[in-house]
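Let's take a walk through this protein model, one piece at a time. Have a look at the sequence and the structure first, then read on.

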Amino acid sequence: MSRNRFYAGLFSVVLLLPLPSHAADQLFKNSVIDEVDISGTGYYGRLLVAEDLNNDGAKESIYLKLSPKYMEYVWNKDRAARRQDKAYHKKGVKLSKSPDWFASFVSASLRQDNSVGARWDASFNGEEGCVHPSQIIPAHLNKDEFLDFIIPCHGYDAIPFPGEHSLVVMSDGVNNYNVSRLTKRPSFYHDGATADFDGDGNLDILLVDAKKLRVFLNDGNGKFTPSDKYFPQFASWKGAYSVEILDVNDDGYFDVFVAGHEDDKHGRQPTVFLLGNKRNKFSRKQQIVIPPVQGYGIVMDVIKEGKNLFVLRTGSGNRVYQGAVVQHVSIENLETINILENTKTHHVDRIFRKSDASGRLKFGGFTNKETGIDFIFDGENMQPVR
Ligand SMILES: [Ca+2]
Ligand SMILES: [Ca+2]
Ligand SMILES: [Ca+2]
Ligand SMILES: [Ca+2]
């Protein structure tokens, strides 16, 4: 490749992907998404992605469906009674090595009204799979114009919690994807985010597994190499299950939101932003702390609007995963301004800017079944809309 063509290539990439200078992938958090109508599907919003994935002007969805064999064995009516049954789960872990215990890709076209329509004929190639994915995160990871995906997987969800590998799904032409292993060792990977840690123009991947924050550097062609340069090597993040990357203090350097269980006996992670710098190196010495909310110590997600943060929470302690709360925090003084509480709703996993069927801009969950904390923000107050 001649030098001129090389630079022409660089420019076209810059023009095609208008990433902000700090190059965190806030593709969906910064844009207005449409609420997906999952009526009649049994889908779980955390394992769903919807966008124009093949660039034909209409939207598609990918859903990660857990295997019926896994569900029947681990998530049956006796789950609570078998919680400490080591022999039963030892056998289950062994059985779960079989590929027919892996989650599968369900691809569909979305209808005009954003409901899930007919099957979309996409190929997901490769032998790799995982038993229990915890998220599907869209991001541009290679150099074509089709979205790619990160799938953090936490694995068999009962004692001894053996963990498993996480996956990357890379576009390879239209309606065609190659699935490969992202991680070097199995763990309880629970969430991920993307940013350009090494500044080479390719988005890299951050995973959290309730122990560590792990960075995987992207060569731009779907090869990822772990790097321990960006977080303190011996720091423990026990109780951390969620990460996001955004520039909370508007200094041009991306910051890392780390959250999870604030008040759990197995690990307590205060809700923080680790503040970035020129070299994208993070430590607890440079962080801001989000105040807790009594009774809602499980933190799922965050979104930023101007100088405001909206922190999405659910119940903890004796009301674990019950109800949902949005905590409005001022970035300027780090105080809780207000709380929007819904004790009746199921927990909501992620928070977005979205436009509903009537075109109204609001904040809330991804699907029509996660509307329990939907609100309009007038610049000062959260106005619930249900
Ligand atoms: Ca499409
Ligand atoms: Ca791609
Ligand atoms: Ca990079
Ligand atoms: Ca920053």
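## A well-covered strand

Strand β20 is mostly tucked away: 6 of its 7 residues are buried. Here, buried means that 20 or more other C-beta atoms lie within 10 Å of a residue's own, exposed means 12 or fewer, and partly exposed is in between, with C-beta atoms placed from the backbone. Strands (E, at least two residues) and helices (H or I, at least four) are DSSP runs, numbered from the N terminus.

One residue to look for is arginine 313, which sits in β20 (residues 308-314). Arginine 313 counts as buried because 28 other C-beta atoms lie within 10 Å. Leaving out residues up to four places away in sequence, arginine 313 touches Val293, Tyr296, Ile298, Val299, Met300, Val325 and Gln327; a contact means C-beta atoms, placed from the backbone, within 7 Å. Arginine 313 and valine 348 are 35 residues apart in sequence, with 7.9 Å from C-alpha to C-alpha.

## Ground rules for the model

This is a predicted model, where local features need pLDDT of at least 70 and side-chain atom pairs count only at pLDDT 80 or more, while totals for chains, interfaces and linings use all residues. Residues are numbered from 1 along each chain as its sequence is written, and chains are lettered from A and ligands numbered from 1 in the order in which they are written.

How confident is the predictor? pLDDT gives its confidence in each residue, from 0 to 100. The mean pLDDT of the protein chain is 92, and 93% of its residues reach 70 or more. Over residues 1-22, though, pLDDT stays under 50, and the model has 9 contacts beyond four places in sequence for them. Where pLDDT is low, the predicted coordinates should not be read in detail.

## The partners of β20

Two strands pair if DSSP finds at least two bridges between them. Strand β19 (residues 298-305) runs antiparallel to β20, and 7 bridges join them. Lysine 304 has leucine 309 in β20 as its bridge partner.

Asparagine 308 stands opposite serine 330 in β21.

## Two open sheets

Which strands make up the open sheet of 4 strands? The order is β11-β12-β13-β14, with antiparallel pairing. β11 (191-195) and β14 (224-227) each have a single partner strand, so one side of each is left without a neighbour in the sheet. Inside this sheet, β12 (residues 204-208) and β13 (residues 213-218) pair over 4 bridges, and leucine 206 stands opposite valine 215 in β13.

Another open sheet has 5 strands in the order β6-β10-β9-β8-β7, and its pairing is mixed. Its edges are β6 (123-125) and β7 (137-139), each with a single partner strand. Strands β8 (residues 148-151) and β9 (residues 167-171) run antiparallel, joined by 3 bridges.

## The whole chain

Zooming out, the protein chain has 3 helices and 26 strands. Its radius of gyration is 20 Å, close to the 21 Å that the globule rule gives for 386 residues, so the chain is as compact as a globular protein of that length. That radius is taken over C-alpha atoms, and the rule is 2.2 Å times the number of residues to the power 0.38. Buried residues make up 43% of the 386 residues.

Conventions
Two residues are in contact if their C-beta atoms, placed from the backbone, lie within 7 Å. pLDDT is the predictor's confidence in each residue, from 0 to 100.
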